[in-house]
Amino acid sequence: MNDHMICRCEDVTASDVRAAIDAGACNAQEVKMRTRAGMGPCQGRVCRPAVEAMVGVSGEGVLQSTSSMTVHLPIRPVSLQDLVIIREQ
Amino acid sequence: MSAEETTEDFDLVVIGGGPAGLTAARDVAAAGGRVMVVDENHAMGGKLRGQLHEDPADSSWWKGWELAEQAEKDAVDAGAQMMTDVVAWGLEPGWTVRLTYPAGRTGGPSQLTSRAVLVATGAVERPMPVAGWTLPGAMTIGAAQVLTNIHRVKPGHRVLVVGMDVLSLTIARAMQLAGVDVVGIVLPPTTVEGSSPRATLSRLAPMAKLAPARYMRLGGHFLGWPWVQALASRLVPRTLRMWGMPLQLRTSLVVIQGTDQVTGAALVNVTADGTPIPGSEREVAVDAVCLANGLIPLNELLATLDCSFLRSPDLGGTVPVHSDTLRTQLDGMYVAGNTIGIESAKIAEKQGALVALSIIDDLGLSSRRGGDAAGAALDLVGARRTMEFQFDANVQRGHDDVQRAWEKSGGRA
Ligand SMILES: Cc1cc2nc3c(=O)[nH]c(=O)nc-3n(C[C@H](O)[C@H](O)[C@H](O)COP(=O)(O)OP(=O)(O)OC[C@H]3O[C@@H](n4cnc5c(N)ncnc54)[C@H](O)[C@@H]3O)c2cc1C
């Protein structure tokens, strides 16, 4: 009854995330690999902290990125037209 | 700009037209720099546009939307260019800023090239996932702020606010002034970190002691409230009234109810340490629930580049390592505003003025306003001390940690 959505873009619920953690996922990136949480149009902008709240943040002090759940370009959905123009240059 | 023209040479591209970005744009443009500000919103001003507070010093109102319009006008008058409805989706060293137009193409360029880039992308809200949070009528507290203060639309008729911090209490008050029945302000579900009554009170109590004379009305109430004494006596009061709204310090949200739309919420009493008390479950009928779980610096653009970050709870999240003059480890890349720590709009504006001095200096422009970045950095520390409110009482400690990390890393890469 208490199951709820964690990643709205990819329809991943709290019990999906919990199952991934029980199966051995140790950080947000590993949860993403197993469940697709963070792989939708918003690229984890909304669910990244929610997944981290469940699995924990990894690393302390000075880090090489903001999160174990990697951030990739493009950080937002891009229209094909804008990509085509870059290609042409 | 014609549609074929896909690139433009600027001295500075500012990503994010909030108080930090607009202030920096104004000052760099005034010093003769070619400046472009891009923002994904349909209007400039960032989060400032939604803000409405009463200033205790003179009982005047802090009307964010008017301040935002003025800040945009000042930057444009100084010669800065502006583009709205455009998202910066990538940065490449050199610098190239890649753009896309989610609201439909308006003939703008797909990239901008610039000698310097200022990332002033602000903050986002931390989600509070709980059963029912995706129902229509459930929203973040920031969405309620935008509906109430910008669009002048009530988020609901009977509203429950979940989460107690400076922002949620301020917005609960704004909703009340707009005629919304705020039926209660309760704690987040017990599964949310730091949501126990004791943890909540210990976060709120230090804020009550900040510059009390200038605290924004709310502060007066904080100080007048019995909870500071309650904390000392280790007792947590069950309910306090804030402008007549019940602040239920011993009640947590369990689930949000409804099938097609929010119709209610299940609540439970908790002990001071946040353990649910069996038998105390009950329901409250509401048509909207506003979730407040704090703010996080937005740093996706820099996370794709080769620079390091510091995790700092005092600043609200993980922020790029930078100097106290707001230079990053990457040549020509600067940061200001909530992207480096959660603070009020007044501080963001000061950071904008400070980073402008660094940019002006590095680009070899000359400031008409005068002042040097090192001096402005010191002023900022002073300003924090006398600020009428803080999102986190330890924010300066967070900035000091970042400065140490910067010095240890040897500054620029
Ligand atoms: C929901 C919410 C409510 C707040 N309410 C208050 C309040 O009541 N009082 C208060 O003092 N402070 C409040 N704050 C804190 C607020 O962040 C500061 O007051 C201040 O607005 C920060 O200024 P800034 O310039 O750093 O960022 P912002 O004002 O957030 O501006 C950042 C801008 O960057 C744009 N942007 C981000 N990424 C991109 C991109 N990739 N491409 C293009 N544009 C982009 C955004 O659209 C936004 O307009 C609130 C913050 C939030 C998130």
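I take helices (H or I, at least four residues) and strands (E, at least two) as DSSP runs, numbered from the N terminus. The model is predicted: local features need pLDDT of at least 70, side-chain atom pairs count only at pLDDT 80 or more, and totals for chains, interfaces and linings use all residues. Residues are numbered from 1 along each chain as its sequence is written, chains are lettered from A and ligands numbered from 1 in the order in which they are written, and side-chain values use heavy atoms, with hydrogens and water left out.

**Entry: ligand shell**

I looked up which elements of chain B line the ligand. I count a residue as near when one of its heavy atoms lies within 4 Å. The site is shared between chains, because residues from chains A and B surround the ligand.

**Entry: polar contacts**

I looked for polar contacts with the ligand (pairs of N or O atoms within 3.5 Å). B:Asp39 puts a polar side-chain atom 2.6 Å from a ligand oxygen. B:Glu40 uses a backbone N or O atom, 3.1 Å from a ligand nitrogen. The ligand has 980 Å² of accessible area on its own, and the protein covers 97% of it. I note the method: Shrake-Rupley with a 1.4 Å probe.

**Entry: charges over rings**

I checked for charges over rings (NZ of Lys or CZ of Arg within 6 Å of the ring centre and within 35 degrees of the ring normal). The charged end of A:Arg8 sits over the ring of B:Trp133, 5.0 Å from its centre. Within chain B, B:Arg34 lies over the face of B:Phe10, at 4.8 Å from the ring centre.

**Entry: chain A and backbone**

I listed four helices and three strands in chain A. Their order from the N terminus is β-β-α-α-α-β-α.

Most residues other than glycine have a negative phi, and most peptide bonds are trans. I found a cis bond between A:Leu73 and A:Pro74, with omega about -10 degrees. A:Pro74 is in the loop between β3 (62-63) and α4 (80-88) of chain A. Another cis bond joins B:Gly94 and B:Trp95, with omega about -5 degrees. B:Trp95 is in the loop between β6 and β7 (96-100) of chain B. A:Asp11 has a positive phi, near 55 degrees.

Definitions and conventions:
Polar contact = N/O pair within 3.5 Å; in protein donor to acceptor, adjacent residues only side chain to side chain.
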